[in-house]
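Thanks for coming. Please have the model open.

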Amino acid sequence: MDALHPRLLVSRFTDYFRFYDAVLPAPIGATRASGSESGPYAHWDVDGQDPLA
């Protein structure tokens, strides 16, 4: 079954990147798979999936 993978488009990328990079690991065990705060794109993996881009 295919899953939905939400993508958030934001105007202040650096601020949002820092927020998600700080909070995603604890509640869902996400690890950053690619990207940096300089943008323009980043995504986090959970168990080999890409739940948030």
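Arg32 has a relative accessibility of 41%, so it counts as partly exposed. This is a predicted model, so please hear every value as computed. The side chain of Arg32 meets that of Asp21 in a salt bridge, with 2.8 Å from N to O. Arg32 sits in strand E1 and Asp21 in helix H1, 11 residues apart, and the pair links distant parts of the chain. Asp21 is at 24% relative accessibility, so Asp21 is partly exposed too.

As background, side chains of opposite charge can pair when their charged atoms come close.

How many salt bridges are there by this rule? The count comes to three. Another of them is between the side chains of Arg18 and Glu37, again with N to O at 2.8 Å. Arg18 belongs to helix H1, residues 13-23, while Glu37 is in the loop between strand E1, 31-34, and strand E2, 43-46, so this bridge ties together parts that are 19 residues apart in sequence.

The remaining pair is Asp15 with Arg12, where the closest N and O atoms are 2.9 Å apart. Asp15 is partly exposed because its relative accessibility is 38%.

Now the layout of the chain. There are two helices and three strands. In sequence order the pattern reads α-α-β-β-β. The chain has 53 residues, and 19% of them are buried. Of the contacts with a separation of 6 or more, 32% are between residues 24 or more positions apart. The accessible surface is about 4000 Å², and carbon and sulfur atoms account for 55% of that.

Next, the strand pair. How do E1 and E2 run relative to each other, parallel or antiparallel? They are antiparallel, and three bridges join them. His43 has a relative accessible area of 15%, and so it is buried.

Staying on strand E2, which residues point which way? His43 and Asp45 point to one side, Trp44 and Val46 to the other, and all are buried.

Last item: the loop between E1 and E2, where Pro40 is found. The peptide bond joining Gly39 and Pro40 is cis, with omega about 5 degrees. For context, most peptide bonds are trans. Glu37, from the bridge to Arg18, is in this loop as well.

To recap the pairs. Arg32 with Asp21 connects strand E1 to helix H1. Arg18 with Glu37 connects helix H1 to the loop between E1 and E2. Arg12 with Asp15 makes a salt bridge as well.

Terms used: Residues numbered from 1 in each chain as written. Predicted model: local features only at pLDDT ≥ 70, side-chain atom pairs only at ≥ 80, totals over all residues. Heavy atoms only, no water. Salt bridge = Lys/Arg side-chain N within 4 Å of Asp/Glu carboxyl O. Buried < 20%, exposed > 50% of the residue type's maximum accessible area, 1.4 Å probe, protein only. Helix = DSSP H or I, 4+ residues; strand = E, 2+ residues; numbered from the N terminus. Contact = heavy atoms within 4.5 Å. Areas by Shrake-Rupley, 256 points an atom, 1.4 Å probe, with all protein chains shown as cover. Pairing = 2+ DSSP bridges.
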